[in-house]
Amino acid sequence: MIRKELKREIEKALMALEVGFSGSDTNLEQPADFKFGDYSTNVAMVVAKTAGLNPKDLAEKIAEQIRLNNNPNIKDVQVAGGGFVNFYLSEKFFAESLRAILKTGDNYGRNQTLSGRKVVVEYTDPNPFKEFHIGHLMSNSIGEALSRIIEANGAETKRACYQGDVGLHVAKTIWGYFQAEKKENLDIHDWGKFYVAGSKAYETDEETKKEINDINRQVYGRTNDKTNQVYDLGRQASLEYFAEIYKRLGTSFDFYFFESETEKIGKKMVEVGLSKGIFEKSDGAIVFRGEKFDESMHTRVFVNSLGLSTYEAKDLGLAKLKFERYPYDLSVLVTGNEVLDYFRVMLKALDLLEPELAAKARHVAHGMLRLPTGKMSSRTGEVITAVSLIEEVKKRVLEKTSERELPVEKKEEIAEKVAIGAIKFSILKQSPGRDIVFDFDRSLSLEGDSGPYLQYAYTRAKSVLAKADKEIVDFTQGEEPMVIEKLLIKLPAVVERSFQELAPQHIVTYLVNLASSFNSYYAKNKIIGSENEAYRLVLTRAVAQTLKSGLTLLGIPVLEEM
RNA sequence: GCGCCUGUAGCUUAACUGGAUAAAGCGUUGGCCUCCGGAGCCAAAAAGUGCCGGUUCAAAUCCGGCCAGGCGCACCA
């Protein structure tokens, strides 16, 4: 690895100069702007400070020492700014890197930092009997990308989905179904409507509230045949519907957890905690006093006065259940940020009960997808469903391909992949945590920084390779490394950083830069039939490979033509 | 009221966890197809990062105080 090699050069230089070296606070990274070199270190500034030297002078001395070594991978070492030491790598190094990318193939970008470790990622978490809306799409896109990134860092990775198949929302939907059933023949898939009807009636009508509470009890206890029948039908229909969406999105889960199974485990944990004094009784409920530990936390009910686990106890149970099924080293949880405060309290309780589980948990809170009119609400029916969004984007994509001469099925397949890519890109391009105000024309683009832009760059590269119609042979004559080569070698570092920060947007930004520099090169330079054809074909191949690796890491479909 | 999160060109976002001249896309203005795919390319105008202080060789990033928005604060999930 070139990075290690450069580090060694730096250490050698420091030793020769006989200044004390503490590498801990220094860094060696690939700067965003290539005019500052291919790698850059701030070591001179850090060391100069502790040693009481002038940073620029020290930097010059370090650079001089390294130049003396004549490392064939290093073309030049320069000092810039307040004392940065910048490395410029040689043509030989870049030529070898290109060959290495082709050799590595689809594995390019992977590393072994998490080798031997087990990670579980939980995301999406839709509730049966409720709509799968664009908020779930957000969680799914982020969770799937993170799973793939973690996998690429060498961990054995499992995907988990947690679904609320019992609870008040279920009873409301079933009640709505019973009402609708009286009027017409109906479709069990209309649970969105049933839920809206049930929710409204629950809040406005006391009589209905009782009926719905009865249904809730019937569901928990499975005591009523008619309710059971509708419940089983609806639950299965929901799960099948979700499975179809997962397939379209390119996600598949290794574990499905249900609230019906975490409920009892959680309750037991709370009871144990109660006897240890972690929880206390209050008004018939069992509560956790978060504010005792940190003023930013508050009291929450874990078991209600009816003796039923609330969401918080169920989550305790879930952590335990997950670990039983898959003894993980790290558990990543992707949820909306509206549960941020709640999660702090729940995790603190978990920390007191099962410290080793709490220590392994990492929470990624993504922002909310909101409508220009405000927050989405499945209770009032103000939601955009995932399916309707995908279909709408598809329609727009098909308008663009209308003049292309392709069979209808092919167009359909392309439109599907482009639409999914556009949607995922719009979610992944920003750091998770921020809200997205959902507006078609603003947040979803098919041009410029967009999913299709990346897909297009890939198909274009592939098209050139196909047209060249020859075996890629090794080149003898390289070219002065340009931005493309410099970008190509960055992928592994970007993948690692994306894991460290659990931040897929770094890969997005990287791919946009790569695609852009390739498009720019393509516009100005002839590839096929040029003097340097062999080299340029290898370069094109490496770009295609890198785009493919990166897109796959994001869960954005790669297509051969569009 | 208390707590948590967020605030960057007109708009949507980035910025290697404190680094170098704050970077892209959309939109606006002006260019580019006898040439490998125009979902493309080139260029221009456009912000000093909500406001005020502080720490530092270095601040969009850290600290303090304001302002604005969002979310959460007892038996929903």
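Two strands pair if DSSP finds at least two bridges between them. Helices (H or I, at least four residues) and strands (E, at least two) are DSSP runs, numbered from the N terminus. The model is predicted: local features need pLDDT of at least 70, side-chain atom pairs count only at pLDDT 80 or more, and totals for chains, interfaces and linings use all residues. Residues are numbered from 1 along each chain as its sequence is written, with chains lettered from A and ligands numbered from 1 in the order in which they are written.

Select the sheet. Five strands form an open sheet in the order β7-β6-β5-β11-β12, with parallel pairing. At its edges are β7 (255–258) and β12 (361–366), each pairing on one side only.

Next, select β5 (residues 118–122) and β11 (residues 330–336), which pair in the parallel sense over four bridges. Which residue in β11 is the bridge partner of Val-120? The partner is Ser-331.

Now select helices α4 (residues 91–104) and α21 (residues 533–554). They pack at an angle of about 50 degrees with axes 9 Å apart; axes are lines fitted to C-alpha atoms, for helices over the stretch in contact, and angles run from 0 to 180 degrees between N-to-C directions. That makes α4 oblique to α21 (under 35 degrees counts as roughly parallel, over 145 as roughly antiparallel, 65 to 115 as roughly perpendicular and the rest as oblique).

Finally, show the side chains where these helices meet. Leu-98, Ile-101 and Leu-102 in α4 are in contact (C-beta atoms, placed from the backbone, within 7 Å) with residues of α21 including Val-538, Leu-539 and Ala-542.

Conventions: Two residues are in contact if their C-beta atoms, placed from the backbone, lie within 7 Å.
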